[in-house]
Amino acid sequence: MAGYFGTVGQWVLAKAAGLLDFCAYNALVLRSLFHKRRGGLESSLSVLFKQVFFTGVQALPVIALVALALGAISIVQSLTQLPKFGGEAFIGKILITVIVRELGPILTGFIVIGRSGTAITTEIGNMVVQHEIEALEAMGIDPVRYLVIPRVFGVTASLVALNIYFDIFALVGGFLVSKTVLLTSFTIFLREIVSSMVVADIAVSLLKGFIFGILVSVICTFRGFSVKLSSTEVPQMASKAVVGSITALFIADGIITFIYYF
Amino acid sequence: MNDPAVELKDVSLAFGNEPILTSISIRIPKGALVAITGPSGCGKSTLLKISAGLLHPDSGTVTIEGVDIFNVSRSTLYELRKSFAFVFQDGALISNLTLYNNLALPIRYHYRLSDEEIEKRVRAVLDDFGLYTERRLMPAQLSIGQRKLASFARGIIMEPRLIFVDEPVSGIDAITTQRMVGKLLPLRDDNKVTMVMVSHNLDFIKSSADYIALIYQNKLFAYGTRDDILKSEDPILQGILSIIVDEQAIVAEEVLEILSESPF
Amino acid sequence: MAYRFKHIEKIVGVFLTLVILIVVTLVILIGRERRWFEKQFEYSTEFWRGEGLNPGLVVSIKGIQIGEVKSVFLNEENWIEVRFSVYEEYSERIRKDSVAKLRSPLIGSKVLEIIPGGKDQLPLENGSYIWSEDMDEGIRILKQKAKEEKPDQLTRILQNVEALTENLSDTEGNLEQSLAKLRELLDMLSSKDGSFAKTLASIDRITGSIEDKEGSIGKLLYDNYELYDGIISIMKKLDTIMSDIQTLSGTIAETSPEIKAAIEQANMTMDEATGLIRTLQQNFFVRGFSSRKDDVVVPLENAEREGGYSEGGGFGR
């Protein structure tokens, strides 16, 4: 009995310690974010560009595919189902809420976690194992500044950008796909979308991309640095990073939606 | 000797219940080459990492150029490390950068220089180390010896005052060893540069070190000038020295023979 | 390496620039849809009550949106002060004698309807104050306009519907009174000692005295017979219409869900009734009743709404 509670207690303590570590890590990231320093910008900038290239540009095909599928499905469904009970007036609003506000950011987040989140954790984990982090430290290069900050910026910028691409692919591409089934004219559809879109929709989409990007990059880099000695820890940490990021994404999504409609 | 480059005081470290280092104090004089040696698994490399501030000891202090490196802000420490070099046993090059960019990285990070300026410096160093033709290769495409050389080159490019070297001549082929030694010795003779080296190649130590620190069973067993240590009559000390064996000793011996004939 | 690096930079640059372009385009599109980039003219007015008045409400002239309500607040005199914007292209329609009215369509939120000013009046400057239907001046202008302008079909129907819905929600309202009055009128028309019967009798007498004579009077008489037949048929029609209205009001009381159709029917009926009464009015034989017609129709047609109209509130009773 005591053993059981002891296990639970240890589990809670371990979780709390992990959370504390994570908070300390966040503080470190924040500090190096605001720490002024000459130089260093260019090397970090090149990492940033590479990160945007890998996370953003190379994810475009997947994003396009998912967006096309989702867009086509929701457009066909809403254009055929809604008029059955007099809901034509809400087609634009529903599509925008579903695609731009909710599913777009979440699905983009998932794709980025799957593609880049794991890559970041694995890369940093391997760097720890191969003493590359130590090497950076020894050269006086702040690993947080050199590795984490550009990844946070890169993943965030990519997620924000991918979000917008997702919306465009889903709304425009999705419509073109559904044109094979439907007869609605493109201009009418576009007008409907634009007239039922408010700036808050775009703002929420951008904000979600921004927050998800920060969450994913910080959690995944943290998990990467959590690798201590052996390379067997790397895949473990990668899966932890995925689970953690997805959980964080859902919680953040809930909070943002709650705050918006509060 | 009054103003040491690096000073370790009472440094202890344990992994769990197993002690790695127990109460080690060393003063490393400026401009000297100190070789830390000892049998395998005695914590030499750990001591080197602690000296460079890469590893936190459980207790004790490390002072580099008067700065207590475990009690300063990270930014001060990074600033200080600009003038350090740490040559890793396995090279520890950044694996997703080419050799060229690995060398350019610290310059780019610490200084605002034009691309041409950086190119000039990197090229000079790479030429010097005979690695210029490999500049576009990724670290994984280089041989171990080349990686070690590159790691050294990466340290040298920042024109350091203090160089930590972990096993410079073990596990590499004769020619690379020759190149490595050829780079190391001039730096030893440079009075502005202090070197701390870990090696268990006694022959190499004999031919290069100014001071020798002998670690045995987690403790600093003996520390003194090369001659003091090597010519000591102490049977235990000689016994310890006799069990320090480098797997590549034979290769190194050959090299040292060649070296003894060479001008440096 | 140098080349590849630049290559990545270019791609990433295009990737990010495109996003910025898309966002800017979207914002501009939305802004154009919302008319952000046009100069907006602001006016203010005051209402006595503020139910259903809130920022974002559509401001319209004859059902076409010309702007939107910007702010609504209760001022020191306890009037509801409303500030609203008008698109540049319509700003000239706001003139000195414009009046703001609150209209409640059957479905959806209220509309701030502006009665455009007369062409002879000066346009109001940006930031001016205009009269509302709740103010004496506004009421005066509205009445004057009602006299001047012959309302078109749609306005009349809309006015009727509005008045009707207002009345329907009030059992002791104008409809009941109007119906009572109509019934009175019908009674009068059918009663034997009513003036209509008297007229008929006098026509009878006249025809009797004229019958044996021939010539132009006889021809006129034949015409008069036609006229007479016309009047009779009109009266019959009127009678059925009235009974329609009676059954309709009964239906309304019973069934609220079918109210929309009922109101449409009622409206058509009312319209027909108005038309009929107009025809009667023009006929010299029934001119004697024309003064009464005002009593019947005017409260329906030009009835000013009293107080707020709450949707369906009165129907469910």
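Student: How many of the 27 residues of α8(A) are buried?

Tutor: In this predicted model, 19 of the 27 residues of α8(A) are buried, so that helix is mostly covered, where buried means that 20 or more other C-beta atoms lie within 10 Å of a residue's own.

Student: And what does α8(A) reach from its first C-alpha to its last?

Tutor: Helix α8 of chain A, residues 199-225, reaches 39 Å between those two atoms, which is close to the 39 Å expected at 1.5 Å a residue.

Student: Switching to chain B, how many helices and strands are there?

Tutor: Chain B holds 10 helices and 10 strands, and 45% of its 264 residues count as buried. Among the contacts in chain B with a separation of 6 or more, 72% come from residues 24 or more positions apart.

Student: In what order do the strands of the open sheet in chain B run?

Tutor: The order is β2-β1-β4-β5, four strands of chain B with antiparallel pairing. Because β2 (18-28) and β5 (67-68) of chain B stand at the edges with a single partner strand each, one side of each has no neighbour in the sheet.

Student: Which helix packs on that sheet?

Tutor: Helix α1 of chain B, residues 44-51, packs there and touches β1, β2 and β4 (59-64) of chain B, while its direction makes about 125° with that of β1(B).

Student: Back to β1(B), how many bridges join that strand to β2(B)?

Tutor: Strand β1 of chain B, residues 6-15, is joined to β2(B) by 7 bridges, and the two run antiparallel.

Student: Which residue in β2(B) does Val11(B) stand opposite?

Tutor: Val11(B) stands opposite Ile24(B).

Conventions. Residues are numbered from 1 along each chain as its sequence is written. Chains are lettered from A and ligands numbered from 1 in the order in which they are written. This is a predicted model: local features need pLDDT of at least 70, side-chain atom pairs count only at pLDDT 80 or more; totals for chains, interfaces and linings use all residues. Two strands pair if DSSP finds at least two bridges between them. Two residues are in contact if their C-beta atoms, placed from the backbone, lie within 7 Å. Axes are lines fitted to C-alpha atoms, for helices over the stretch in contact, and angles run from 0 to 180 degrees between N-to-C directions. A residue is buried if 20 or more other C-beta atoms lie within 10 Å of its own, exposed if 12 or fewer, and partly exposed in between; C-beta atoms are placed from the backbone. The expected span of a helix is 1.5 Å times one less than its number of residues.
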